[in-house]
Amino acid sequence: MLQTQTLRVAAVQTVSGGDVAANLAQAEPLVAAAAARGARLIVLPEYFGILGERATDKLAAREEEGTGVQQAWLGRMAHSLGVWLVGGTVPLACGDADRVRSASLVYGPDGTRVARYDKIHLFAFARGDERYDEGRTIEPGTAAVAFDAPCGRVGLSVCYDLRFPELYRALGELALIVVPAAFTATTGAAHWHLLLRARAVENQCYVLAAAQGGEHPNRRRTYGHSLLIDPWGDIVAELDEGPGIVVGDVDPARIAEVRAQLPALGHRVFR
């Protein structure tokens, strides 16, 4: 059941590198600026804490469950600002010494962790000299996760998950989908807006995507274009490239209006 409280939300966009301390120092004023503009739920991008020279660099920065620099920072920021903070992804240790779990961690306004989602779908792409295979350094998660926020139910996902609509349908009716991401410039230019708007339209909910956006120290270029999309598929706010924030409102009345005008969720045959 959707709650009736409109919630101001924000996506933080960064251009992270391989130094965790420097990345947190870059993100901190952006999170604070979002809170100063009234955002009560703030999402950081995938790899906000480390996007290193090599894919294996995240292994050196891995943290144990419940303890570590990135987790402590997320809890402190959420508590000090009194916000819901979705920590993009944090590399957490798993049973495989050569891989990590890419975990999206949610902290409540009191600084305690309220949800953990481990990225299920792992990106692989090969075209010419551009090659990625996350499965080499990441162990996939197995469970879909959502949590309750003042605006209603919030579904968690990360980047490549966006291509798999069945993940979101498994979460039931949502008020908001969040998508921390580090889309490549190549795939982003082709599919980013298309996929995000499709997920908003088919689930008749808001979608908030927080992206890496720009040229990183490892020479990788990410697409950026952090944005908020409403349940009709309209873009509410967007930032193209570079560090910054996107701010807008998740309005349960708008969700109800769209669902009343076009009751597609009630018309589903396969559930």
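These legends go with a set of close-up views of one predicted model.

The model is predicted, so local features need pLDDT of at least 70 and side-chain atom pairs count only at pLDDT 80 or more, while totals for chains, interfaces and linings use all residues. Residues are numbered from 1 along each chain as its sequence is written, and side-chain values use heavy atoms, with hydrogens and water left out.

**View 1. The whole chain, to get your bearings.** The protein chain has six helices and 16 strands; these are DSSP runs numbered from the N terminus, with helices being H or I of at least four residues and strands E of at least two. Its radius of gyration is 17 Å, close to the 18 Å that the globule rule gives for 271 residues, so the chain is as compact as a globular protein of that length. (The radius is taken over C-alpha atoms, and the rule is 2.2 Å times the number of residues to the power 0.38.) Along the principal axes, the C-alpha trace spans about 50 × 45 × 35 Å. Of the 271 residues, 56% are buried, where buried means under 20% relative accessible area, exposed means over 50% and partly exposed is in between, with a 1.4 Å probe and protein chains only. Take the contacts (heavy atoms within 4.5 Å) between residues at least 6 apart in sequence: 66% of them join residues at least 24 apart.

View 2. Rolling a probe the size of a water molecule over the atoms shows where empty space is left. Here the grid is 1 Å over the protein atoms alone; a pocket is an open set of points with protein on both sides within 12 Å along at least five of seven lines, a cavity is a set where a 1.4 Å probe fits but cannot get out, and lining residues have an atom within 4 Å of a point. Points are joined across faces, edges and corners, and a volume is the space filled by probe spheres set on them. The largest pocket holds about 620 Å³ of space. It is lined by 29 residues, and the closest to its centre are Arg 54, Ala 55, Arg 131, Tyr 132 and Arg 220. Helix H2 (57–60) and strand E7 (130–133) each give at least two residues to this lining, with E7 supplying the largest share, three residues. By class, the lining has ten nonpolar, six polar and 13 charged residues. For that tally, Ala, Val, Leu, Ile, Met, Phe, Trp, Tyr, Cys and Pro are nonpolar, Asp, Glu, Lys and Arg are charged, and the others, Gly among them, are polar.

**View 3. Two cavities inside the model.** The structure has two cavities of 30 Å³ or more. About 50 Å³ of space sits in the largest cavity, and its lining is Arg 169, Gly 172, Glu 173, Leu 174, Asn 203, Leu 265 and Arg 268. That makes two nonpolar, two polar and three charged residues. The second largest cavity holds about 40 Å³ and is lined by Tyr 47, Ile 50, Lys 58, Thr 89, Pro 91, Val 100, Arg 101, Ser 102 and Ile 138. E3 and E4 are the elements that give two or more residues to this second lining, and E4 has the largest share, with three.

View 4. Gln 70, Gln 71, Trp 73, Leu 74, Gly 75, Met 77 and Ala 78 are the buried residues of H3. Their cover includes helix H1 (20–36) and strands E3 (84–93), E4 (100–107) and E5 (113–118). Gly 82 follows H3 and has a positive phi, near 65°.

View 5. Ser 226, in strand E14 (residues 226–229), is buried, with a relative accessible area of 0%. Leaving out residues up to four places away in sequence, Ser 226 touches residues including Ala 11, Val 12, Ala 210, Leu 239 and Val 246. Gly 18, in the loop between strand E1 (7–13) and H1, is partly exposed at 48%. Beyond four places in sequence, Gly 18 contacts Asn 23, Ile 50, Leu 51 and Gly 52. Leu 194, in helix H5 (residues 185–203), counts as exposed at 57% relative accessibility.
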